Amino acid sequence: MSEPFAPCAGGVRMTLANWEVELLSLVPALLDSVGKYEPDPAAVRLDLHTYPDDEAADAEFRRLLTSELEHGRAADRSAFSLTVEAGADGVVLSTAEAEAWLRVLAEARLVQSARAGLADGSQSESDQALFEYLSWLQGSLVEILDEVLP
């Protein structure tokens, strides 16, 4: 598998194989499905309680930040969707777009892990392979951003 990311003027050059574009194009729908059915271990994993021992503080935190967090996630997913399709031909991601990719990949890993049972070892080989691919992709991008960012 070739490296999908490389440093370049203006940000990070991303080039994906066609199969990667097809696979990664499914990620926004995967993330949008969180919490749409019960029980959803992914919803529990993504909706951590900031103050688990203080219900009032936790409720206040959610009241103040839930909308902002949802808006940020939607913006990240939009940037991800707009750039993933161009990945087959090669595209330059701005540092902001690359950082959005990191957040989307992190979310996707959490969802995959929670739904596939990676924590208890009950996952299938394909679930494990998907998790490892997402982890590798995120790690590759982190390494390149480490070179690109001041």
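A42 turns out to be buried, with a relative accessible area of 0%; buried here means under 20% relative accessible area, exposed means over 50%, and partly exposed is whatever falls in between (1.4 Å probe, protein chains only). This residue belongs to helix α3; helices (H or I, at least four residues) and strands (E, at least two) are DSSP runs, numbered from the N terminus. Leaving out residues up to four places away in sequence, A42 touches V34, V111, A114 and R115, where contact means heavy atoms within 4.5 Å. A42 and Q112 sit 70 residues apart in sequence, yet their C-alpha atoms are 7.7 Å apart in space.

A word on the model itself. It is predicted, so local features need pLDDT of at least 70 and side-chain atom pairs count only at pLDDT 80 or more, while totals for chains, interfaces and linings use all residues. Residues are numbered from 1 along each chain as its sequence is written, and side-chain values use heavy atoms, with hydrogens and water left out.

Now for the overall layout. The chain has 6 helices and 3 strands, and reading along the sequence gives the pattern β-β-α-α-α-α-β-α-α. Its C-alpha trace spans about 50 × 35 × 25 Å along the principal axes. Of the 150 residues, 33% count as buried. Among contacts between residues at least 6 apart in sequence, 72% join residues at least 24 apart. The accessible surface of the chain comes to about 8700 Å², and 55% of that belongs to carbon and sulfur atoms; such areas come from the Shrake-Rupley method with a 1.4 Å probe, and for residues only the protein chains shown count as cover.

The strands come next. Strand β1 (residues 5–8) pairs with β2 in the antiparallel sense over 4 bridges, pairing being called when DSSP finds at least two bridges between two strands. Along this pair, F5 stands opposite M14 in β2, and C8 stands opposite G11 in β2. The hairpin of β1 and β2 has 2 residues between the strands, and G10 takes a positive phi near 95° there. On to β3: 3 bridges join β2 to β3, and the two run antiparallel. Here V12 has L93 in β3 as its bridge partner.

V91 also lies in strand β3. At 16% relative accessibility, V91 counts as buried. Setting aside neighbours within four places in sequence, V91 is in contact with V12, R13, M14, T83 and A86. One of these, R13, is 78 residues away from V91 in sequence but 5.7 Å away in space, C-alpha to C-alpha.

What about the inside of the chain? In soluble globular proteins, nonpolar side chains tend to be buried together. The largest nonpolar core here has 29 residues, and those with the most contacts inside it are F5, V12, L24, F80, L93, W101 and L141. A nonpolar core is a set of buried Ala, Val, Leu, Ile, Met, Phe, Trp, Tyr and Cys residues joined through side-chain atoms within 4.5 Å. At least two residues of this core come from each of β2 (11–14), α1 (18–24), α2, α3, α4 (55–84), β3 (91–93), α5 (95–116) and α6 (125–148). Helix α5 gives the largest share, 8 residues. V12 has quite a list of partners beyond four places in sequence: F5, A6, V91, V92, L93, A98, L141, I144, L145 and V148 are in contact with V12.

Two further spots round out the picture. L69, in helix α4, is partly exposed, with a relative accessible area of 48%. L69 and A56 are 13 residues apart in sequence and 19 Å apart in space, C-alpha to C-alpha. Then there is the peptide bond from E38 to P39, which is cis, with omega near -15°. P39 is found in the loop between α2 (27–32) and α3 (41–46).
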